[in-house]
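Colleague: I am new to reading protein models. Could you take me through one, feature by feature?

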Amino acid sequence: IGLTRAISDRAKQLFKLADDERLIRGKGAEPLQAACIYLACKEANVPRTYKEIMSLTMVHKKDIFKAMKALMPYLERMSSPSTE
């Protein structure tokens, strides 16, 4: 789908975070990979539609939403500044 290297690196970074937080356990990695690609595109202001991500990864929209919902608390914790 024509992703830049920065976007693919960010998607890999998000997936590594998910792996470190053990979000993959018990679930397939594909929905989480699709969610990481979607979020990396969104962060880089190059949004892709769910249809594009679904056709690339063969993951249903519902599964992408579930993976994003599981990943969001960790992303918020990373992006929020500490008061210390």
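Colleague: Is Tyr50 buried or exposed?

Modeller: Buried means under 20% relative accessible area, exposed means over 50%, and partly exposed lies in between (1.4 Å probe, protein chains only). Tyr50 has a relative accessible area of 17%, so Tyr50 counts as buried. Keep in mind that this is a predicted model: local features need pLDDT of at least 70, side-chain atom pairs count only at pLDDT 80 or more, and totals for chains, interfaces and linings use all residues. Residues are numbered from 1 along each chain as its sequence is written, and side-chain values use heavy atoms, with hydrogens and water left out.

Colleague: Which aromatic pair does Tyr50 form with Phe65, and how is it described?

Modeller: A pair of aromatic rings is described by the distance of the centres and the angle of the planes. Rings of Phe, Tyr and Trp (its six-membered ring) pair if their centres lie within 6.5 Å; planes under 30 degrees apart count as stacked, over 60 as edge-to-face and the rest as tilted. Tyr50 and Phe65 are a tilted pair, 5.0 Å centre to centre with 50° between the planes. Tyr50 sits in helix H3 and Phe65 in helix H4, 15 residues apart, and the pair links these distant parts of the chain. Phe65 is partly exposed, at 39% relative accessible area.

Colleague: How many aromatic pairs does the rule give?

Modeller: The count is two aromatic pairs. Tyr38 and Tyr50 form a stacked one, 4.4 Å centre to centre and 15° between the planes. Tyr38 lies in helix H2 and Tyr50 in helix H3, so this pair ties together parts that are twelve residues apart in sequence. Tyr38 is buried, with a relative accessible area of 13%. Tyr38, Tyr50 and Phe65 form one aromatic cluster.

Colleague: You keep naming helices. How many helices and strands does the protein have?

Modeller: Helices (H or I, at least four residues) and strands (E, at least two) are DSSP runs, numbered from the N terminus. This protein has four helices and zero strands. From the N terminus on, the order is α-α-α-α.

Colleague: Which residues of H3 are buried?

Modeller: First, the general idea. An α-helix has 3.6 residues a turn, so residues three or four places apart point the same way. In H3, the buried residues are Tyr50, Ile53 and Thr57. Seen down the axis of H3, they fall within an arc of 65°, so they line one face of the helix. That arc is taken from the directions from the helix axis to the C-beta atoms. The face of H3 turned away from the buried side carries the exposed residues Lys51 and Ser55. After H3 comes Met58, with a positive phi near 60°.

Colleague: Which residues have the most contacts inside the largest nonpolar core?

Modeller: A nonpolar core is a set of buried Ala, Val, Leu, Ile, Met, Phe, Trp, Tyr and Cys residues joined through side-chain atoms within 4.5 Å. The largest one here has 23 residues, and those with the most contacts inside it are Leu14, Leu39, Ile53, Ile64, Met68, Leu71 and Leu75. Helices H1 (5–20), H2 (29–43), H3 (50–57) and H4 (61–79) each give two or more residues to this core. H2 provides the largest share, nine residues.

Colleague: What does Ile64 touch?

Modeller: Contact means heavy atoms within 4.5 Å. Leaving out residues up to four places away in sequence, Ile64 touches Ala34, Ala35, Tyr50, Ile53, Met54 and Val59. Ala34 is in helix H2 and is buried, at 0% relative accessibility. Beyond its neighbours within four places, Ala34 is in contact with Ile53, Thr57, Val59 and Ile64.

Colleague: How many disulfides are there?

Modeller: A disulfide is a pair of cysteine sulfur atoms within 2.5 Å. The structure holds zero. Cys36 is buried, with a relative accessible area of 1%, and Cys41 is buried too, at 0%.

Colleague: Where is confidence lowest, and where is it highest?

Modeller: pLDDT is the predictor's confidence in each residue, from 0 to 100. Where pLDDT is low, the predicted coordinates should not be read in detail. Here the mean pLDDT is 82, and 86% of the residues reach 70 or more. Confidence is lowest in H4, at a mean of 81, and highest in H2, at 89.
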